[in-house]
Amino acid sequence: MSRRLPALSAFAACCIALLLATVSSLALAAQPANDTLRIGSKRFTESYILAQVLAQTAAPHTPTPPSVLQGLGNTAIVYEALRSGSIDLYPEYVGTISQEILKGEATMTTQAMNTALAPLGLGVAVPLGFNDGYALAMREDMAQRLGITSLSDLAKHPALKLGLSNEFIGRADGWRGLAQRYGAPQVPVALDHGLAYDAITQKQVDVIDIYTTDAKIGHLGLRVLKDDKAYFPRYDAVLLYRLDVPTRFPQAWAALQKLGGSIDENAMIAMNARAELQGVAFDVIARDHLAAKAGGAPAATNTTQDPSQRGFWAKLFGPDLARLTRQHLALTLISVGLAALIGIPLAVWVFPHPRLRALVLGATGLMQTVPSLALLAMLISLLGVIGTVPALMALALYALLPIMRNTVAGLNEVSPGLRLAGQALGMTAGQRMRLVELPLALPTIVAGVRTATAIAIGTATIAAFIGAGGYGERIVTGLALNDGQLLLAGALPATLLALLSEALFEGVEWLLRRRRGG
């Protein structure tokens with residue numbers, strides 16, 4: 001064993017070098033050209049719409065069409081994308097910048113924010129004209145029955161069930177500070193913001209956190225509770241941008257500055273309503289808003305619905321299907337290929353060494369216990385990029401375990417007699433492995449790759465949370481809009497792809513069995 005360890009170490013080093021080289025090349029390929037303005041958005045309706053407004057405003061003044069990376073997740077992820085240079089700007093809110101990003105006071109001025117952000121190469125500019133604050137809301141009938149009009153009143157009813165978004169629960173300006181300010185005794189349950197309105201309508205929760213420009217507040221007749229102790233800061237919408245943007249895109253930046261003060265709260269609520277209540281596409285809403293502003297007409301007068309949003313079948317076979325399929329296939333095939341490239345040789349090398357084998361397989365199994373979004377966040381921080389590269393790395397890490405376990409299991413199934421026969425014929429250990437053991441273990445190894453592929457197809461839907469595309473893009477948007485049809489339009493193609501992969505591997509395994517039988 002001692003003689004093999006240096007070779008094993010060299011092999012492991014080669015594997016790591018190969019992985020890093022692959023990741024580096026993918027990172028370079030994934031970076032858009034420097035003449036492309038990259039605009040990000042968070043994962044809620046308003047941010048999707050604003051990103052399209054920014055892109056369409058800048059488009060006539062950039063050498064290439066702006067790249068819009070939609071639904072990048074919560075503040076931490078989209079801010080990391082901006083800080084690392086994966087995006088150039090995105091719509092943000094002053095309260096979030098001052099308290100969540102800069103960990104400062106709610107009363108920070110724009111000048112103070114820019115002073116604090118300048119060493120990071122970032123800045124705040126272009127106040128868009130509306131405040132979209134946090135608030136808590138509850139059903140009107142319950143509020144009337146209990147006599148609750150304010151957050152102080154809410155604190156007097158500990159039995160009420162609060163369903164709050166994960167981000168709001170964890171934010172510096174979120175639930176913990178609010179509960180301390182008001183002495184609120186409730187322990188909230190975590191809900192995705194897109195599902196919260198359904199939960200409160202179905203009386204599964206009594207109180208939810210809302211954005212004050214949400215369209216469903218009035219549509220569902222919810223009562224917004226008064227912040228009588230002035231806990232929440234203002235959340236005026238602005239652009240958070242990299243300081244080199246005005247230099248790289250001077251004409252586009254001049255156009256974006258003209259958006260200052262162009263969207264009031266009523267206009268934003270109307271645009272949100274078109275997306276959430278009428279199913280109009282984000283780019284159509286942005287185009288109509290900009291056209292209405294140019295012509296002086298009210299922003300919400302055009303109620304034309306985007307054809308790709310009419311009905312389930314139109315959503316399923318929408319114009320984005322081919323692009324999402326290509327992205328999902330690429331994520332799956334490349335990640336499983338990387339896992340096989342590393343996992344199979346590594347399993348072969350550790351196979352003769354039980355202790356080392358147990359250690360390596362244990363470490364690989366431990367990776368499976370890391371939640372996917374947590375792993376993505378760690379990889380984004382480590383690599384300094386979002387999108388395809390961290391998604392591929394995460395998927396490859398998740399695919400390693402079934403491939404390595406099956407490789408070891410397949411080699412274990414080779415009878416000692418066959419190994420001894422190879423040795424009697426004068427074969428070296430490497431020749432026995434290559435000519436006898438691996439061919440006999442191949443069906444079990446293929447079964448491991450089959451399992452890894454099925455896992456990768458399902459897990460690849462999370463790639464959309466960091467801008468890597470795939471069918472998860474529809475799922476993420478469906479969650480933001482609480483659109484069950486759009487969710488299904490993303491889930492069904494992934495399911496079909498998994499079934500097709502199963503059929504393909506079934507054919508491969510049948511050929512292997514037939515070949516062995518022959």
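Predicted model: local features only at pLDDT ≥ 70, side-chain atom pairs only at ≥ 80, totals over all residues.
**Stop 1: glutamate 92 and lysine 42**

Select glutamate 92 and lysine 42 and show their side chains. These two form a salt bridge, and their closest N and O atoms are 2.9 Å apart. Now colour the neighbourhood by secondary structure. Glutamate 92 sits in strand β3 (residues 89–93), while lysine 42 belongs to the loop between β1 (38–40) and α2 (45–58), so the pair ties together parts that are 50 residues apart in sequence. Are these two residues buried or exposed? Glutamate 92 is buried, at 0% relative accessibility. Lysine 42 is buried too, with a relative accessible area of 4%.

**Stop 2: arginine 274 and aspartate 288**

Next, select arginine 274 and aspartate 288. Here the closest N and O atoms of the salt bridge are 3.1 Å apart. Follow the chain to see what is being linked: arginine 274 is in helix α14 (residues 265–278) and aspartate 288 is in helix α15 (residues 282–295), 14 residues apart. Arginine 274 counts as buried because its relative accessibility is 2%, under the 20% cut-off. Aspartate 288, at 11% relative accessibility, is buried as well.

**Stop 3: aspartate 320 and arginine 474**

Now jump to aspartate 320 and arginine 474. In this salt bridge the closest N and O atoms are 2.7 Å apart. The pair links distant parts of the chain, 154 residues apart: aspartate 320 is in the loop between α16 (311–316) and α17 (321–350), and arginine 474 is in helix α23 (residues 472–481). Which of the two counts as partly exposed? That is aspartate 320, at 23% relative accessibility, whereas arginine 474 is buried at 3%.

**Stop 4: a network of four**

Select Arg38, Asp88, Asp244 and Arg248 together. Salt bridges that share partners join these residues into one network.

**Stop 5: serine 372**

Finish at serine 372, which is in helix α19 (residues 372–383). Serine 372 is partly exposed, with a relative accessible area of 22%. What does serine 372 touch, leaving aside its neighbours within four places in sequence? Its contacts are Tyr398 and Ile462. To end, draw a distance line between the C-alpha atoms of serine 372 and tyrosine 398: they are separated by 8.9 Å, and the two residues are 26 residues apart along the chain.

Definitions and conventions: Residues numbered from 1 in each chain as written. Heavy atoms only, no water. Helix = DSSP H or I, 4+ residues; strand = E, 2+ residues; numbered from the N terminus. Buried < 20%, exposed > 50% of the residue type's maximum accessible area, 1.4 Å probe, protein only. Contact = heavy atoms within 4.5 Å.
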